[in-house]
Amino acid sequence: MGRAMKVGVVSDTHVATLTAGRHLAERLMAGPFRGIEILFHAGDRVLPELDLCFPGVLFYAVCGNQDAPRAGLPEQRVVTVAGTRIAITHGYGSHADIERRVLEKFSHVNADVIIFGHTHRAVCRRVGSVLLLNPGSPTERRTAPFRSVGILHLADEVRAEIVNLGQ
């Protein structure tokens, strides 16, 4: 696969202003996202300028159910990074069967990793050969036990981790 790559994964940021986005970016880049080369944002309050808060980082985002069409973001996307096929969507509807729905949504793309959000609850597990990753939310835990983000490690083996940001 080549050299190892560290990728940041975030969702459900719910930032309303560029100032709030910059503050969040500074905290993440000084902590768990230190050294990331790419950032995936799985939707909900993705400011169109949010990519500017992460200088030098390749930024991929999708819109969530709380994003206005003004963001101009796709509902889903599939990218290949370091030989790993990564699908990303926000998710929708009931939290109870969201994993099944995102797996079905991307069943035709042969994804190695599916990133989603919506529930604010972190998920990091394999279903067959697919790694499901929901980073939770770094700002609003709602019913989740803690605020969180995800880190995706791309190397000979693809793995991910959830970073607990506290309550």
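View 1. Phe40 counts as buried because its relative accessibility is 0% (buried means under 20% relative accessible area, exposed over 50%, partly exposed in between, with a 1.4 Å probe and protein chains only). Tyr60 also counts as buried, at 19% relative accessibility. This is a predicted model, in which local features need pLDDT of at least 70 and side-chain atom pairs count only at pLDDT 80 or more, while totals for chains, interfaces and linings use all residues. Residues are numbered from 1 along each chain as its sequence is written, and side-chain values use heavy atoms, with hydrogens and water left out.

**View 2. Aromatic pairs.** The structure holds 2 aromatic pairs (rings of Phe, Tyr and Trp, the last by its six-membered ring, pair if their centres lie within 6.5 Å; planes under 30 degrees apart count as stacked, over 60 as edge-to-face and the rest as tilted). The ring centres of Phe40 and Tyr60 are 5.4 Å apart and the planes lie at 20°, so this pair is stacked. It links distant parts of the chain, since Phe40 is in strand β2 and Tyr60 in strand β3, 20 residues apart (helices, H or I with at least four residues, and strands, E with at least two, are DSSP runs numbered from the N terminus). The rings of Phe54 and Phe59 are stacked as well, because their centres are 6.3 Å apart and their planes are at 20°. Both Phe54 and Phe59 are buried.

**View 3. Strand β1 and its neighbours.** Of the 6 residues of strand β1 (residues 5-10), 5 are buried, so the strand is largely enclosed by the rest of the structure. β1 pairs with strand β9 (residues 147-154) in the antiparallel sense over 5 bridges (two strands pair if DSSP finds at least two bridges between them). Gly8 has Ile151 in β9 as its bridge partner. On β2 (residues 38-41), which runs parallel to β1, 4 bridges make the join. Val9 has Phe40 as its bridge partner there, and Val7 stands opposite Ile38.

**View 4. The sheet.** The order β3-β2-β1-β9-β10 describes an open sheet of 5 strands with mixed pairing. β3 (58-61) and β10 (159-166) are the edge strands, each pairing on one side only.

**View 5. A charge over a ring.** Arg101 lies over the face of Tyr92, 4.9 Å from the ring centre (a charge sits over a ring if NZ of Lys or CZ of Arg is within 6 Å of the ring centre and within 35 degrees of the ring normal).
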